[in-house]
Amino acid sequence: VWPLFILWGIFISFNEGPTRAMVGDLVSEDLRGFGFSLLSVAIGVSLLLGNLIFGYLWDKFGSPAAFYWSAVTTMSALVVLLFLRYDTPRQGSSLNI
């Protein structure tokens, strides 16, 4: 079990830093706190919904259905990410949310 915690820590270190850096780049300085709060709310709500759906599928249809759903949503997110484009804003400009 302990190696899984190590892998989780590695994943978080590769994932959380760039995500927060992107929010810092995209949101203007006066709205930066709101941007980080919005990011945290989005992550929290999506984790809650994902776990509820996964648990429901596991209870009603068994573990294969839950893991298939997880695989399908992961692949869907990958397809969406392949078509997104992130450009760093130029100096002095930022996205106002």
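**Salt bridge and pocket**

Colleague: Which residue forms a salt bridge with Glu16?

Modeller: This is a predicted model, where local features need pLDDT of at least 70, side-chain atom pairs count only at pLDDT 80 or more, and totals for chains, interfaces and linings use all residues. Residues are numbered from 1 along each chain as its sequence is written, and side-chain values use heavy atoms, without hydrogens or water. A salt bridge needs a side-chain nitrogen of Lys or Arg within 4 Å of a carboxyl oxygen of Asp or Glu. At 3.1 Å between the closest N and O atoms, the partner of Glu16 is Arg20.

Colleague: How far apart in helix α1 are Glu16 and Arg20?

Modeller: Helices are DSSP runs (H or I, at least four residues), numbered from the N terminus. About one helical turn separates Glu16 and Arg20, because their spacing in α1 is 4 residues.

Colleague: Which helix supplies the largest share of the lining of the largest pocket?

Modeller: A pocket is an open set of points on a 1 Å grid over the protein atoms alone, where a 1.4 Å probe fits, with protein on both sides within 12 Å along at least five of seven lines; lining residues have an atom within 4 Å of a point. Here 22 residues line the largest pocket, with Phe11 among those nearest its centre. The largest share, 8 residues, comes from α1.

How values were computed. Helices (H or I, at least four residues) and strands (E, at least two) are DSSP runs, numbered from the N terminus.
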